[in-house]
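Please open the model in your viewer and keep the selection tool at hand, as this tour goes from one selection to the next.

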Amino acid sequence: MSDTTEIVKASLARRYRAERRFRFYGVLAITISLSFLAFLLISIVFRSIPAFTQSSIHLDVALDAETLGVSENPDYAELRTANYSGAIKKAMRERFPDVSKRKEKKNLYSLISSGAEFQLRDHVISDPTIIGGNTVIWLQADDELDALVAAVDDVTNIGDVKTRLNEQQRGWIAELQQAGEIKTRFNKTFFTNGDSREPELAGIKAALFGSAWTLLVTFLLSFPVAVCAAIYLEEFAPVNRWTDLIEVNINNLAAVPSIVFGLLGLAVFINFFALPRSAPLVGGIVLSLMTLPTIIISSRAALKAVPPSIREAAQGIGASQVQVVFHHVLPLAMPGILTGTIIGLAQALGETAPLLMIGMVAFIVDIPAGITDPATVLPVQVFLWADSPERAFVAKTSAAIVVLLLFLIVMNAVAVLLRKKFERRW
Amino acid sequence: MDEAQAVLDSIEGTVGEIAVDNPKMSMRDVDVFYAEKQAIFGVDLDVANNEVIAMIGPSGCGKSTFLRCLNRMNDTIPICRVSGSVMLDGDDIYAADQDPVLLRARVGMVFQKPNPFPKSIFDNVAYGARIHGLAANRAELDDIVVGSLKRAGLYEEVKSRLDAPGTSLSGGQQQRLCIARSIAVSPEVILMDEPCSALDPIATARIEELIDELRENYAIAIVTHSMQQAARVSQRTAYFHLGKLVEVGDTNEIFTNPQHELTENYITGRFG
Ligand SMILES: Nc1ncnc2c1ncn2[C@@H]1O[C@H](COP(=O)(O)OP(=O)(O)OP(=O)(O)O)[C@@H](O)[C@H]1O
Ligand SMILES: [Mg+2]
């Protein structure tokens, strides 16, 4: 055997050990990060579950004109302002005739959500002929009841589960449950309502639309501008001090704290240009300032990664610079550009601070119908709900996070599809 | 370094006849700089019609650089500066009124590594005709594509799959595709930079045959590292050394009876 063989052999064991060690560290790192992620996801999803269900109470409501305070043949305006809560309270009293004390009555009424009267109102308006008779309707329960029935099987024996409902109230609930007059089903309200002070009425739709409008503005502004800038800088701009300076500044811009962009948006777009406050338009503009550098940087990297042989091939048969770029380089760089865009938009989707500065933190009940309507966005909604005292908002907060994550997943899926479409090998 | 400088200084002018009658291209006193570094020193050379001229020389002597001057491919390298005159049919291609896009349609180029576009075989060949508007309709375009593929000796192998991506071909086929792509715009001159260096002997032989056929219609300048290839395909040979054109002449003459010592050393393999 030669010397080399001996020397190599002696070092082999050490080299394999090093490799095994490195593999171990790698697996360890991945396990740690995955388990953190899994823990986070699982805890959020678990905490969000109550928000996706909603309990209702079965009530037999007497709709006599007297209780409702309307005339015999009420018109629409009368129907809108009728005393539905009175009718509901009356029905509750009739369901539990033993309750007589003022305080107890108040406790009894609180089992039903304050939104129930609107439910009843819509029900009556859709068919006013039922006035005068009785109607059987499932009315939304209060969030405390909701949380309790979701948490325990037997509401008279709750162990150490915390609730604001007293023993008497829990007795009523147990009675209703035994009679099959409480049911829990999927919470549609959460997806059809805007924000509300009442947790059981609060929904994510306004924030979802706000996020969608804001991202649309961000995308429409930042994508074309950033891609044009990247193409110009990468393919056309001369290399000199000015372009160096621009490059340095773009990189710096990517590192500017996002709240600074919010201050800029407040000063320039709202105070100077007098654009509407709290609107997705301004939010989108501010966020596109933030995503621009991200998209520019990743687009330039994608353009740079296109093999020079492709450019030479096109130039070699007389393609002009614009033809080289738009026929060959850009299509090949498109997957990378899209990836960068999605990363930028995902950042924008999760951004809160700059939007607080331009007033997108408002309490929004109505679904924004356009980019100039007052709106809020998902992360701000998360922030608002996390700040609310009612316990039911804890679940809403987690549910809003789940919706935010789903939004992200959908966005990424679209990006993957687009990338597949553009991907070509060379 | 000093030794190289000494060798460089010792090369004075070019041995052999640089000029031809009726030159297709004619280069005089061409200097090329990459930033401060000079890569080509005062080269004079003519390229004749219907001729294959081979450019040989040690690695780094500036063959590619010189070749790329002939269709202004060096324009795409920001630090590259060219001086002197390069005439195509008597017009200086570096003159202010000359358009590099038009020039490259007249002087085509085939690169060392096959570089088909990631498009179909048909689109690869049709691309040049499309951007220059050479075909009035689809039938004319088909004629151009089929004709070019035939002349490049590739048609029989790909006629059933013109829609397949160009990158799905073998290396040799890809290189012939690239040749078809450059002859599809009917250039007057074809520049080839080591077109066979990535190919096996059989594919090489096919391309050499093809070059010989193409000579009937074009002027061809080919850079090669293979002396056998230069001897097989070319009529004239130019020997470059350290950026200077040392010797040029009939290929037979150069290989059997080189005049300059450096040429002789290179050809006989005494120079690494
Ligand atoms: N893009 C460039 N930037 C700077 N210097 C370059 C560039 N391209 C070539 N050079 C230099 O110019 C000189 C000639 O290079 P060139 O590529 O023309 O040599 P060559 O004869 O083609 O070599 P080879 O046979 O290895 O391809 C070399 O010294 C090289 O370092
Ligand atoms: Mg070379």
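**Where chain B meets chain A**

Begin between chain B and chain A, where the count is one salt bridge, meaning a side-chain nitrogen of Lys or Arg within 4 Å of a carboxyl oxygen of Asp or Glu. Select R68(B) and E312(A), whose side chains form a salt bridge at 2.9 Å, N to O. This is a predicted model, in which local features need pLDDT of at least 70 and side-chain atom pairs count only at pLDDT 80 or more, while totals for chains, interfaces and linings use all residues. Residues are numbered from 1 along each chain as its sequence is written, chains are lettered from A in the order in which they are written, and side-chain values use heavy atoms, without hydrogens and water.

Next, select the side of chain B that touches chain A: 22 residues of chain B are in contact (heavy atoms within 4.5 Å) with 18 residues of chain A. About 1700 Å² is buried between the two chains, with 62% of this coming from carbon and sulfur atoms; buried area is the accessible area (1.4 Å probe) that two parts lose on being put together, summed over both. Now pick out F117(B), P118(B) and Y127(B), which supply 30% of the area that chain B buries against chain A, more than any other three residues.

Finally, turn to chain A, which is divided by an automatic or database domain assignment into domain 1 (2-49), domain 2 (52-198) and domain 3 (205-422). Select domain 1 and domain 2 of chain A, whose C-alpha centres lie 57 Å apart.
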